[in-house]
Amino acid sequence: MNLVEIKSDEPVRTVRETQSEYAEICLPNYTNMLGNMLGGHVMHLVDLCGAIAAMRHARCAVVTASIDQMTFLHPIHIGELVRLKSQVNRVFRTSMEVGVKVWVENLQTTAIRHTSSAYLTFVALDAANNKVLLPPIEPQTEEDRRRYLQAADRRAYRLAQKDRTKSTG
Ligand SMILES: CC(C)(COP(=O)(O)OP(=O)(O)OC[C@H]1O[C@@H](n2cnc3c(N)ncnc32)[C@H](O)[C@@H]1OP(=O)(O)O)[C@@H](O)C(=O)NCCC(=O)NCCS
């Protein structure tokens, strides 16, 4: 896969510019026999919400290179609202780490519960499938800076995991 350089006058972007939201009502076609949303569908929504944040940074197509471990803390029932928020935590060269957080809102009681969090890595590609060198991102809040610093350790871990997968494949 080739690498395409970005224009040198691309400005630094902020984490805030990438912050995105996505929401969906839990409907019967995405539930199991207990009426709870399928874990795979929650992962699909996480991928979509993550991709929006990644594209807001890259301003081109992105593909999911990896999704880190996910835990489902509470079931999501038919009729409840799944709410997701995402942002780019750190940009490397052609890849970026995106964090996605998922809540479930009961529209009758107004109760909101955090159900899952995930880190995804997206790679930017141009229309000819070449990897694109991304502009840098600037964390501005304390929280953004913490996520930015920790993203380096997570990247090292997931690239080591990738190597292990390759060597056992
Ligand atoms: C992801 C993909 C573009 C990587 O292409 P590649 O030619 O192997 O590229 P590289 O090894 O140079 O990796 C490109 C970047 O992605 C990162 N990367 C690759 N695999 C990764 C992984 N499993 N986890 C985290 N980062 C990963 C690399 O570290 C590199 O980052 P950097 O440029 O910021 O330093 C390619 O494997 C692909 O197209 N995979 C399928 C993607 C897809 O279809 N996803 C949908 C789900 S099926």
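Author: An oxygen atom of the ligand is 2.6 Å from an N or O atom in the side chain of T94. A polar contact here is a pair of N or O atoms within 3.5 Å. This is a predicted model, in which local features need pLDDT of at least 70 and side-chain atom pairs count only at pLDDT 80 or more, while totals for chains, interfaces and linings use all residues. Residues are numbered from 1 along each chain as its sequence is written, and side-chain values use heavy atoms, with hydrogens and water left out.

Reader: What lies 2.7 Å from an oxygen atom of the ligand?

Author: An N or O atom in the side chain of K131 does. For a nitrogen atom of the ligand, a polar side-chain atom of K162 lies 3.1 Å away.

Reader: And how much of the ligand does the protein bury?

Author: The protein buries 60% of the 940 Å² that the ligand exposes when taken alone; accessible areas come from the Shrake-Rupley method with a 1.4 Å probe.

Reader: How many residues surround the ligand?

Author: There are 16, each with a heavy atom within 4 Å of the ligand. The closest are T64, R93, T94, S95 and K131. By class, the shell has 6 nonpolar, 5 polar and 5 charged residues.

Reader: Changing topic, which charged groups sit over rings?

Author: R154 lies over the face of Y119, 3.8 Å from the ring centre. The charged end of R155 is over the ring of F92, 4.3 Å from its centre. The criterion is NZ of Lys or CZ of Arg within 6 Å of the ring centre and within 35 degrees of the ring normal.

Methods:
A polar contact is a pair of N or O atoms within 3.5 Å; within protein, one must be able to donate a hydrogen and the other to accept it, and residues adjacent in sequence count only if both atoms are side-chain atoms. Ala, Val, Leu, Ile, Met, Phe, Trp, Tyr, Cys and Pro count as nonpolar, Asp, Glu, Lys and Arg as charged, and the others, Gly among them, as polar.
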